[in-house]
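Hi everyone, thanks for making time this morning. Let me put the sequence and structure up, and then I'll walk you through what I found.

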Amino acid sequence: MKTENQKGWFFILPVMLLVAFNALVPLMTVVNYSVQETFGNNVFFWHGVGWFEDVLHSERFHAALGRQLLFTGTILAIEVPLGVAIALAMPKKGPWVPVCLVLMALPLLIPWNVVGAMWNIFALPDIGLLGRMINGMGIDYNMTQQPWAAWFTVILMDVWHWTSLVVLLAYAGLIAIPDAYYQAAKIDGAGPWAVFRHIQLPKMKKVLTIAVLLRFMDSFMIYTEPFVLTGGGPGNSTTFLSIDLVKIALGQFDLGPAAAMSLIYFVITLLVSWVFYTVMTRDEAQ
Amino acid sequence: MAKIGLKALRHSYHPNPQAEADWALRRIDLDWDDGGAYALLGPSGCGKTTLLNIISGLVVPTEGRVLFDERDVTALPPDQRHIAQVFQFPVIYDTMSVYDNLAFPLRNRGVAEDRVDARVREIAEMLELSDMLKTRAAGLAADSKQKISLGRGLVRDDVNVIMFDEPLTVIDPHLKWKLRSKLKELHQKVRVTMIYVTHDQTEALTFADQVVVMQEGEIVQIGSPVELFERPAHTFVGHFIGSPGMNVLPCEVRDGGAFFRGHHVQVGEGVGHTSGARRLEIGVRPEYVSFAESGIPAAVVKVADAGRHRIVELSADGSRIHLLAPAGGAIPEGAVHVRFDPARTRVYADGWLAGREDAR
């Protein structure tokens with residue numbers, strides 16, 4: 001017995017309303033701003049795709065996007081292999097497991113602006129532990145003046161803050177591997193590298209896909225920590241996309257270009273995530 | 001290929017075993033011939049998997065020695081024992097093709113690629129995997145995956161023994177039978193010593209030339225399937241093997257005869273030495289119980305149809321007796337008499353076949 005009717009829609013109506021209010025409606029205001037020009041007094045003029053063209057041709061946007069890609073690429077290249085390595089080194093059972101897990105989870109529990117503030121003080125060349133140490137080794141290090149030092153600190157901070165996430169996900173994937181796989185590999189004469197390459201890595205692939213996606217999206221939209229740490233400086237050297245966006249939207253109050261930029265930003269994030277996901281799950285689709 | 005000897009094996013998972021119950025394996029002495037097909041049969045938790053892992057080297061026994069061809073391998077890790085194992089859940093290398101899966105153990109051992117190719121094709125042919133060599137192993141059905149696990153053992157020519165740890169658990173029933181006969185056929189072809197662990201009597205009895213029945217960390221009987229069926233050395237074996245299992249009825253022994261509830265029961269091998277036994281029982285399989293004009297009085301309680309025969313449940317003075325009646329024949333109702341085939345009826349003292357010192 002199957003009756004054809006449209007009652008099913010009522011069940012998803014609450015969700016649709018919720019999504020509408022927390023996502024679609026705010027997004028539509030942004031779309032609205034992105035195609036109009038205003039001179040105040042709530043008077044708007046149609047501007048077409050003008051703002052989009054401006055943003056796409058702006059050198060400032062290109063530079064911020066370039067820095068953003070470099071930053072995200074660097075932290076992914078460090079955090080994913082490092083996270084996997086730490087997960088592999090963690091004990092699989094015994095009393096040290098909870099200790100390791102808690103230690104690993106600690107950085108994830110610290111509010112983002114606190115992380116920025118902590119590292120700001122930590123990296124101060126005169127009183128910060130890290131800053132004093134690096135200078136003590138004979139390296140001239142001043143995060144507030146040297147772009148390389150600012151980059152170094154921002155990346156170190158992100159690695160410290162977020163590698164744990166990769167560790168925990170990779171660890172979850174690792175402990176889910178049945179013992180029989182390791183026993184079979186032993187019997188088949190596989191060395192540690194072959195075990196990693198043919199058992200551990202394939203079994204971690206699903207969680208690593210999630211880890212890479214999460215780390216990509218989060219780092220691509222990173223704002224609070226570098227904003228508190230460097231404020232985007234020295235100069236514009238650590239001004240990432242979201243920092244630039246806030247400068248344009250709230251600093252200069254250029255709502256049109258800012259709206260256009262956020263939409264482009266959004267599309268890039270979506271597109272890259274989609275590419276990541278498609279590539280990483282390609283094998284299973286076959 | 002090798003002869004396997006287990007000498008005075010004891011194993012406990014406790015660091016400091018005290019009580020008898022702390023031992024997962026109480027005492028195991030076994031000698032297995034080269035090229036035989038053996039089964040370890042017993043209920044869950046009887047220690048059969050522990051014993052298997054000791055032979056494969058995944059577990060080091062607390063006491064005793066493991067010998068391969070008289071060579072002590074107790075301390076050797078699995079990869080140096082030259083063994084192969086098929087696990088309960090199929091272990092395959094997901095990212096590799098069937099071909100690469102089969103080639104993996106050889107490549108790890110640095111075998112030349114042309115030799116690898118020849119061996120892989122030969123074994124794939126044997127296992128009927130030839131047409132899927134290029135397929136990725138991950139997407140295959142469980143029975144093909146188990147064949148691949150087995151194939152990884154068969155490709156190597158240094159294998160002393162292939163072990164199976166309940167390998168048909170995840171296989172669909174209609175494929176179980178096929179794979180089981182395939183295993184038997186393979187054994188006859190390659191003649192490698194094979195050890196098969198299972199709690200399924202059908203699997204053990206069809207696969208093995210010799211079955212080792214285990215209970216609570218001890219071997220209760222070693223024998224061919226026929227011996228286990230016809231002459232169980234322990235009431236546990238009688239009960240565990242056969243469907244329904246052997247009837248075990250309380251009895252007393254006096255004047256050199258066995259009596260069940262006051263009725264004299266003729267027993268084939270005599271009553272043996274039963275003095276000092278705390279518990280005396282008669283064991284007779286339902287196959288050897290029949291209706292008779294006179295004998296032990298009983299009442300029919302229930303009749304269950306099992307296809308080729310019917311299982312009749314009787315009650316005799318408080319004891320339950322199963323009887324196998326051929327399908328189609330008339331089953332008397334109410335008060336009846338049954339007799340036991342004397343040649344197949346035996347006395348058990350404290351569970352063990354009475355009067356036979358070697359039964360233990």
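When I say nonpolar core, I mean a set of buried Ala, Val, Leu, Ile, Met, Phe, Trp, Tyr and Cys residues joined through C-beta atoms within 7 Å. Buried means that 20 or more other C-beta atoms, placed from the backbone, lie within 10 Å of a residue's own. A quick word on the source: this is a predicted model, where local features need pLDDT of at least 70, side-chain atom pairs count only at pLDDT 80 or more, and totals for chains, interfaces and linings use all residues. Residues are numbered from 1 along each chain as its sequence is written, with chains lettered from A and ligands numbered from 1 in the order in which they are written.

So, the largest nonpolar core: it has 102 residues, and Ala39(B), Ile195(B) and Tyr196(B) have the most contacts inside it. Contact here means C-beta atoms, placed from the backbone, within 7 Å. Beyond its neighbours within four places in sequence, Ala39(B) is in contact with residues including Tyr196(B), Phe207(B) and Val211(B).

There is also a second, separate core of 19 residues, with Phe61(A), Ile243(A), Leu255(A) and Ala259(A) among them. Now look at Tyr33(A), which touches Leu255(A), Gly256(A) and Ala259(A), leaving out residues up to four places away in sequence. Is Tyr33(A) buried or exposed? Tyr33(A) counts as buried, because it has 23 C-beta neighbours inside 10 Å.

Last, the contact between the chains: chain A brings 14 residues and chain B brings 18 residues. Thanks, happy to take questions!

Note on methods: Two residues are in contact if their C-beta atoms, placed from the backbone, lie within 7 Å. A residue is buried if 20 or more other C-beta atoms lie within 10 Å of its own, exposed if 12 or fewer, and partly exposed in between; C-beta atoms are placed from the backbone.
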